[in-house]
Each structure stands twice: as structure tokens, then as C-alpha cells.
Amino acid sequence: MRPVHPLLRHALSGLAGNVVLLAGLSFLVFVGVDLLPGDPITSRLGPTATPERIAAVRAELGLDQPVLTRYGDWLAGIVHGDLGRSAAGQPVTELLSGRVGNSILLACLATACLIPLSFGFGLAAARRRGRPADRAISTGSLLLLSVPEFVVAGFLVLILAIGLRLLPAVSLVPAGSSPVRHSEVLVLPVLSLLLVGLAYATRVIRAAAAGTLRAPYVEFLRLSGQSERTILRTAVVPAVLPVAVQIWLLTGVSMIGGAVLVEKVFGYPGIGELLVTSVQTGDLAVVQALVLVLGGATLAVLLIADLAMVLLTPRLRTGGGAE
Amino acid sequence: MSRLGKAGWALFFLLLLVILIGPAIAPNTATHPVGPPYAPPSGRALLGTDHLGRDMLSRLLLGGRPLLLTSLAAAAAGTLAGSLTGLVAALSRRRLGAWLMRPLDAITAVPPILLLLLCLTALPNRTGLVIAVAITSAPLSARVARSAAAQVAGRAHVENAIARGENWSWLLGREILPLVAGPLLADFGIRFVAAVYLVAAAGFLGLGASDTDWGRLIVEALPGAALQPVALLAPVIGVAFLAVAANLASDRAAQNSRGLLA
């Protein structure tokens, strides 16, 4: 019998694992939060609320049912594409429509800038290992790596919006319009996301390329008189690419999380802003739905990253070698 | 790197000192108005005033300590819980170890900021903040502890102790922990960097460690940034310095501890 193609095998086992993880995650998100000390109702209504009022709100939100019953209902709804209702009674899917596109646009633009820049910086630093250019890039990325996105966004507002007056400090997008039509509002949010992601991606790509450049086979190519261009194209780039693709995908998906705060800085109309507002008003249903959706997106991207690594690594792709 | 690491430690300790004695040397209270709103820096308010005319310097000095202590507590709780799980997983039989680690893997699939928001919605206070940050950092700590301990668990002195019939606390405390303490401490540094980020982010959302949390100062200063840029610049620099200094210090600690597991 012909063996299953290794890519298909990876995809199937990854998919099965992800479904299990997602089920576990939904349980943690719903039941785990319920087990936390404290009570969303009391904290929302304040300490002056009467017991009758608390009981009324509790019954209205269905919180008087046992937690496993509520979890079952919630899960059944999600399987049918219903993400539940916000505390104000609006369906979560309705709240999300329109905003999801805006947030994805932000993450995609930042990732599109990230890919060439991090590859270029990483390779340039690795080729000049230990020299001033490398030290500048490595130090700069180490410093930038730990700074929260919203702090970077604050710096950018100060420099570009207030100091130089080049760009708007607030992303004012008229209702019903798309941010694509007002491209100047996109610059600062994308730049804030890009800078932090770039620091991380550059460091990893630099490390991978520096390791490859010291490998015996690269030394052999160099000694046999191949040009630097050929060495880069035939030996270094193929070796670095699997790592780089992983990092780009991971950074891209982590931008969805980082975007939450950046969107808040600029008032950009994405899911981050909705999420923040829901947290501040204690709207647990919306937050739970969003966490599950974004967790699912993260798992999906991680699976794609896994498959990309299989595709880009000949030994894994053909199913030979140690695998 | 080593010069940068030393500079990192120096900056870290200086910042630590300022943050810890900050509340004692703050010239004004956090709530008392000292001048008109959005006043530029002057002799009375060295960093100017905020949107309610309160002294920015005092608010900055008062906000540092809760931010730092909450981050420390959260990182310590996360590392402790994670390390314990990881050590037990490394010492126990394979099946049990896998069962201990699997739920933690599910947690790592969620971006930390989302877990933070989820916990803070359910429990919007400082305890919730510490729990949230601890939950996000425990899975990664557990992985580090497990892989560090797995290298040690098969060594002769550990097998000898098992054969002697020593109990769990002896095995963990006397045989394993001394050999893995270095990596665990370095890991704690990394968790602390992440904790500073998350606690500042919570402050930014208005759910932070105190009313003058640096993250909160940033979000309050944003609308008036054109009128009083110093009010935005000061907390932005504060968070950036703390994050960078903690990162450099933990990077150096991690490099130093690598030799311990040889």
C-alpha cells in the first residue's frame, strides 16, 4: 500500500490535535472563568446593588443555571455560528461584523512590511557579524523587543503626530466608511505594530542566518570560489526560510493581540477597541467569544506554520530521514 | 553584549531605587490640583500638570511602586506554580507528566493579552491582575522547569535517592532544585519582563495596579498630548526604561546561568 503523503499526515494529525486543544480552550475560557473568585454581576452593579436586583440580573443573563449547562448551550451555539449575546442583548456576531476586516487589514499590512524588512535586516546583520552594523541592529532590536506596543505608539504620536505634525494622532474613520479610503490613519497603527514585531523577527532571522553562514558547507562553497550572491541564494536563504516563515506567521498572529492596545491608542475601529470596551464594562460574553475566536485563529496559524516548515524542509517533505 | 548587560543592571537598580523611594519623595498627593489643566513644566510642577491640573511628577513617582510590586508578585506566583508543575511532571511517570502539561499547552495558544483581558473582565481588581499574569506565565515556566529537570532526573545521585526511598520533598528540594535553580531564576527574569508589560497594559486599560499606574497615565495624557506633551512623554519613557532595563538584566542573568547545567 502506498504510504500517506507526509504533508497530508502532518495536516491531519495537526488538525485533530487543534480540535482537541480548541475544545480544551473553550472549557477553560468558560468554566475556568466561572471558577475565578469574584462575581461579574456584583462588580458591574457596584457594592450598593440590592440582593433582589443582583438576582434579577443573574436570572436575566441565565447565570442561575449550573455552569456545565450554560457551557453546553454556549458550545452548541458556537458550533452553529452563534457567538452569544452581549450584556446589552446585541448578538456578538453583529458587533464583530465590519470590525474583523479592519483588524485583519491592520495585521496584514504590518506583516507585509515585516517580511522584507526583517529578512533584509536579519541577513545584513548576520553577514556583518560583530561589526558595527550588526551591533547597531542587534542592540536596537534587543532594546525595542521589550517595549510594549502602546508605549511605542505613544512615542510615535509624540514624534510624528505632535512634533512633526505629519500624521493624525487619532484614527478618525467615518461610520460606514473603510480605513482603506483614509490611508493616512493606517500609518501610525501599522508602524507601532511593525516596530515591535520587527525587533523579534530580526533577532531570530539573524541568529538562524549567522548559524548557517558558519556551517561547513557554506565554508566549502566559499573556498571553492562561489560568489557571495550564489552562496546566499543557494545555501543561506533556503536554510533560513523555514525559520523565517514560522516567525512571520507567529508574529503576524501575535499582532492580533498587540493590536488590541494599539487600536485603543489611536481609536481605530477594530476588534481590539470592542474588546477593550467590553472588558471595561465587564461584558463577559463578548470577551469570551472574542478570546475563543482569536485563540482559534492562533491555532490555525500555528498549524499553517507547521505545514510551511514541512514544505520548506526537504527531509520532512519527502518523509525520509529521521522523521 | 556584556557592556550592555552591565549598563542594563546599573539602569535597573537605579530605576528600582527611584521607584521604591518614589512615593516618599513625591512633592504632592496624586489627587490634589496644583495648577491649571495641561500646564507646561514649571517650578511648582516639574513635569507640568495633567487634564485635571494635578502634578505629573508626583503621580509618576506614586505610580511606580504598585506597578513594580504587582509585576514582581505576579511573576513570582507564575514562576512558582509553573516550576512546581514542571518539576513534578519531569519526575513522575510519562503518562502523568503529559496529563499535567497538556492543559498548560492549551493556555499558551491564547495571546497573553487576551487571557489578561478575560481574567480582568471576570475579576476587575489587583488580585485578578496578579492571577491573570501568573496564568499566562505559568505554562512557559513549566516547560523550562520540566526540560531543565528532565536532564537531571536520570542522573545517578537522583536514582540513588529514589532507591534509598527518599520522599518527594527531599527529591525536589535536595537533589533536583540545586541543579536547576540557575535556569529557573533566569526564567523568572523573563517572566518579570512579560509581567511588567501586562501590568502596564492593564493600567492602560484603566484596570491597573493603582490610580496612578504608568499605563493609566499614558492613556490619560493621550487626548491632551498636543497641549502638554511632557505628560505623555514622562510615563512613556518610564515604562520603556523599566521594560528595557528588566530585559537587559534578565538577558544577562540567562547568559550567566547557562553554565550551571553543564
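Colleague: Why is B:Arg164 called partly exposed rather than buried or exposed?

Modeller: In this predicted model, B:Arg164 has a relative accessible area of 46%. Buried means under 20% and exposed means over 50%, so a value of 46% places B:Arg164 in between, as partly exposed.

Colleague: What makes B:Arg164 and B:Glu175 a salt bridge?

Modeller: The N to O distance between the two side chains is 3.5 Å. The rule asks for a side-chain nitrogen of Lys or Arg within 4 Å of a carboxyl oxygen of Asp or Glu, and the pair therefore qualifies. B:Arg164 belongs to helix α6 (residues 156-164) and B:Glu175 to helix α7 (residues 168-204) of chain B, so the bridge ties together parts that are 11 residues apart in sequence.

Colleague: Why is B:Glu175 counted as buried?

Modeller: The relative accessibility of B:Glu175 is 10%. Because the limit for buried is under 20%, B:Glu175 falls in that class.

Colleague: How do you know that B:Glu220 and B:Arg54 also form a salt bridge?

Modeller: Their side chains come to 4.0 Å, N to O, and the cut-off is within 4 Å. This pair links distant parts of the chain: B:Glu220 sits in helix α8 (residues 214-221), B:Arg54 in the loop between α1 and α2 of chain B, and 166 residues separate them.

Colleague: What makes B:Arg54, B:Arg216 and B:Glu220 members of one network?

Modeller: B:Arg216 forms a salt bridge with B:Glu220, with the closest N and O atoms 3.5 Å apart. Both residues lie in helix α8 of chain B, 4 residues apart, about one turn of the helix. B:Arg216 itself is partly exposed, at 25% relative accessibility. Salt bridges with shared partners join B:Arg54, B:Arg59, B:Arg216 and B:Glu220 into the network.

Colleague: What makes up the contact between the two chains?

Modeller: Chain B contributes 46 residues and chain A contributes 46 residues. About 3800 Å² is buried between them, and carbon and sulfur atoms give 85% of that area. B:Leu118, B:Thr121 and B:Tyr197 supply 16% of the area that chain B buries against chain A, more than any other three residues.

Colleague: Why can B:Leu72 belong to a nonpolar surface patch?

Modeller: Patch residues need over 30% relative accessible area. B:Leu72 has 33% and is partly exposed, so this requirement is met. B:Leu72 is found in helix α2 of chain B. The patch covers about 500 Å² and also includes B:Leu17, B:Leu20, B:Ile21, B:Ile25 and B:Leu69. Its largest share, 4 residues, comes from α1(B).

Colleague: How do you know whether the spans annotated as "transmembrane region" are helix or strand in chain B?

Modeller: The unreviewed UniProt entry places the annotation on residues 67-91, 188-210 and 230-249 of chain B. Residues 230-249 are 100% helix and 0% strand, with end C-alpha atoms 28 Å apart. Residues 188-210 are 74% helix and 0% strand, and their end C-alpha atoms lie 24 Å apart.

Key. Residues are numbered from 1 along each chain as its sequence is written. Chains are lettered from A and ligands numbered from 1 in the order in which they are written. This is a predicted model: local features need pLDDT of at least 70, side-chain atom pairs count only at pLDDT 80 or more; totals for chains, interfaces and linings use all residues. Side-chain values use heavy atoms; hydrogens and water are left out. UniProt positions are given in the numbering used here, feature names are shortened, and annotations may be inferred rather than shown by experiment. Helices (H or I, at least four residues) and strands (E, at least two) are DSSP runs, numbered from the N terminus. Patches are made of residues with over 30% relative accessible area and no salt bridge: like charges are joined within 9 Å, nonpolar side chains (Val, Leu, Ile, Met, Phe, Trp, Tyr) within 5 Å. Accessible areas come from the Shrake-Rupley method with a 1.4 Å probe; for residues, only the protein chains shown count as cover. Buried means under 20% relative accessible area, exposed over 50%, partly exposed in between (1.4 Å probe, protein chains only). Contact means heavy atoms within 4.5 Å. Buried area is the accessible area (1.4 Å probe) that two parts lose on being put together, summed over both.
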